[in-house]
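Me: Hi! I'm new to this one, could you walk me through its sheets?
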Amino acid sequence: MSTPPARISPARPEIVTERFQPRRPAWFELASSGDHKALGALYLGAACSFLVLAVVELVLMRVQLIVPESTIISPEIFDQLMSTYGATAVVLFGIPLALGLISYIVPLQIGARGTVFPRLGALSFWLYLAGGITLYASYLYRPPDAGTNPLPPLSDTVFSPTAGADAWIAGVGLAVLGFVLFAINMLATLYRRRAPGMVWRRMPPFAWSATLIGYVLVVAGSVMFAACTMLMIDRQFDGVFFDPGEGGSPILWQHLSWFFFTGAYVVVLLFAFGTISEILPVFSRKPVFGHRAIAASLAAVAPLGLLAWMHNMYSAPIPVGWEYFAMAAALALTIPIGVLLFNWIGTLWGGVLHLRAPLLFALGAISTTTFGLAGELMSSVIPIGWQLDHTTTAQADTYYVLVGGSVFGGFAALYYWFPKITGRRMGEGLAGGSFWALLVGVHAMAIGMIFAGLEGQPVDVYKFYEGEGLAAYNLIASIGSFVLALGVLLTLANAAYSARHGVETGADPWRGSTLEWFALSPPPPHNFDVIPDVRSAEPLRDIREFVRRRTETWEPPRPVERREPEPAANPAKADAGASEQDSR
Amino acid sequence: MTLAALVLAALPAIAHAVPLAPEDGASPNADDTTAIYWVMLVVAAVIVVAVNLALVAAVVRFRARRGREATRMRAGRRVHARVAALLGAVATAIFVAGVISTSQVRDVEPSGPEGLQAASTRTAQLGVSPPAGDGQPLSMLVSGQQWLWRYEYPDGTFSYYELVVPVDTTVMLELDSTDVVHRWWVPALGGKLDATPGRDNQTWFKAEEVGVYEGRSAQFSGPGYATMRARVRVVSVPEYEAWLDQQKADIQEAQDAVQERVQQLGGRSVAEAVQGAEQ
């Protein structure tokens, strides 16, 4: 039990003007805004739109794979769907959803009135959106078809002569450049704009995750931007970076792109881990178990995860020593992730669990990612990786982690912070339906894919043959993906409906202990009238405790002797005195 | 309880019906892979079951009820250090097992007694490449191209789609690609390996049983990727030699036919002749 602060500095109004009369239309205000909340909302809206596209693509691909030797969707269209799907799910949905919530919530959590570089934040969003539009505009002429990760030489001009491959490269390049700029802005804010007393050890886990995500994005995002630039030079200006005929190296692209995609994976995981660590204590009504151990584990996940990029490349022609290095990094992740799991269960244990939607989805995130990470643990052992990598078995593990992290974790965060963003709560009934659909869907899909992969089905195929024993597994996986899609749509519908018609809540509907709940819902443009001093890792709890004590020890003031006011000799002087008192 | 008993009773039936491990049993490297696979499957299953049981137990036991207060979990001092040390020990053990298993899988076994021997092979007399036999591996050049595999045998014979190898003989595969990255994978004969243009990559297998082993390419390589199959036909040594002779004769015949046609066309190459016909 942290000791309540002895003294909280008295409230001083620091901002006098609340709002100017808007002179321009609302959409223009939003589009030209550098406010972290407006940008967060834009990021969230765009990420959810791309989530719908990703789900549509997934469902179409699974429709094609319901029966053997299916001809519902032509191979060309299947390859196009598959090539846009990977970039959409990870680059246009997974990372931006995390960034949207970080942008909205983290400055509030650390008691900031805004970000350090608002215009950089705005540029980051518009670059990301331009990237998404670049990728999808290719559907107007010729979509990319060089695979989820377009490895050269398949993605060079000889084998992919159409502009679709350029759309993929340019789209992903623009988006990751946006992420790097976002990370720079957020890191600067996290370093320079913390409330007095908000030292690193008192940072909420989500804000700490955001710091680490910032570092991961700066490193991995720059690498991917460089890789996309190099591939673009190869395609458009006769470069030979990846051309084996001219002394270039196709393996180089694999290193660079896998470094980024592994980084993206780490971003999704850190975001989910931070969210879970934030939600569990609030809904178990007790402080998080092992705050410092959680912070240390998150800090260990970031570099170890990045260093394990080569565990996607066990079959590539690289020296076996490098593979051992990748295996060591991947296995070392067991330690921080295991400690995190231990702490979360320790947080739940002995608590008073209120099974509201945020907790439900957070528990789903822990459970689902555990399935995926256990599978990843298996295939990080080199011989098992040689057998299972690039089969639907390994893909199922990826789905477990990404659905667990981005969908369960992302939705948990959405349910948790929705009242802060809109001032209204999302419906619990639809939340329950969505949760069970997601849980049943992801398991049905993954189990079907696991068995299909063990039976020998590789990833990304547009068809499989009769009599290979794959039909039943693919049918189960397809049905699972449809249920999963239903679960996603239920929560998105819930959000769309609740934004207008949800139950109105106050500033702090969940009895949170972090500073974002100290602001109004939705927060005013300047976030806080008064920025409180932070004395512990749970500042709002301290404030609540302080107010309670104040209330208990409060005594009615003694009656004041009434005195007749002296007749004012000079009215102007009296006015001056009054205004002087006001401004104090 | 009844439900649990039913599930337990159904488990062997389910385990029989579905694959729980990748295909194996045809080559020592695939068998070594399966051995470590079972160990890791148990580790992964323990983790998944433990975490999920703990979550369910927490929800059942500590769901909010009237009048109950939250109590902190009692844990000794330095509990996190102990948990981390335990996990570190497990990770280290897996790493060591992984390194041992990797070197076992990579370790090329000599050919067996039933395999191709130097004395019985006629490939040796051709002197095209080092002969197989007496434990020496048979070296094959496997070249990926959109969307089939081309196999080149030690004596220069080649075949498409299907690799024919003698039983109980160690076969070294030298992987290469003429266009984009492909990935060789015949699960019963071991793990995947990339065929990257401009880079050599090596793997091996030793088929212990006569039979046909199906494989698929496991790297997206363009529109025909799903149809890109790899098939290995394992035959007895005499059958292998007979097949090799037949294949060589077929190739010779086809080449002679082409040559004859070229002469008919007046010494021009086929390409020139085609150009001439078009004009």
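Reply: Happy to. One term before we start: two strands pair if DSSP finds at least two bridges between them. Strands (E, at least two residues) and helices (H or I, at least four) are DSSP runs, numbered from the N terminus. This is a predicted model, where local features need pLDDT of at least 70, side-chain atom pairs count only at pLDDT 80 or more, and totals for chains, interfaces and linings use all residues. Residues are numbered from 1 along each chain as its sequence is written, while chains are lettered from A and ligands numbered from 1 in the order in which they are written.

Me: Great. In what sense do E1(B) and E2 of chain B pair?
Reply: They pair in the antiparallel sense, over five bridges, with E2 covering residues 148-152. A hairpin through two residues joins E1(B) to E2(B). Within this pairing, B:Gly144 stands opposite B:Trp149 in E2(B).

Me: And how does E1 of chain B pair with E5 of chain B?
Reply: That pairing is parallel and has seven bridges, between residues 138-145 of E1 and residues 170-177 of E5 in chain B. B:Val142 faces B:Leu175 in E5(B) as its opposite residue, and B:Leu141 has B:Glu174 as its bridge partner there.

Me: What holds paired strands together in general?
Reply: Strands of a sheet pair through backbone hydrogen bonds, either parallel or antiparallel.

Me: OK, what is the order of the five strands in the open sheet of chain B?
Reply: The order is E3-E2-E1-E5-E8, with mixed pairing. The edge strands of chain B are E3 (158-160) and E8 (201-206), each pairing on one side only. Neighbouring strands are turned by 25° against each other on average, direction ignored. For such angles, axes are lines fitted to C-alpha atoms (for helices over the stretch in contact), and angles run from 0 to 180 degrees between N-to-C directions.

Me: Which strands make up the open sheet of three in chain B?
Reply: Those are E4-E10-E9 of chain B, in that order, again an open sheet with mixed pairing.

Me: Why is one side of E4 and of E9 in chain B left without a neighbour in the sheet?
Reply: Because E4 (162-166) and E9 (211-216) of chain B stand at the edges, each has a single partner strand. The twist averages 20° from one strand to the next.

Me: Where does helix H5 of chain B lie?
Reply: Helix H5 (residues 237-264) lies across E4 and E10 of chain B, at about 135° to E4(B).

Notes:
Contact = placed C-beta atoms within 7 Å.
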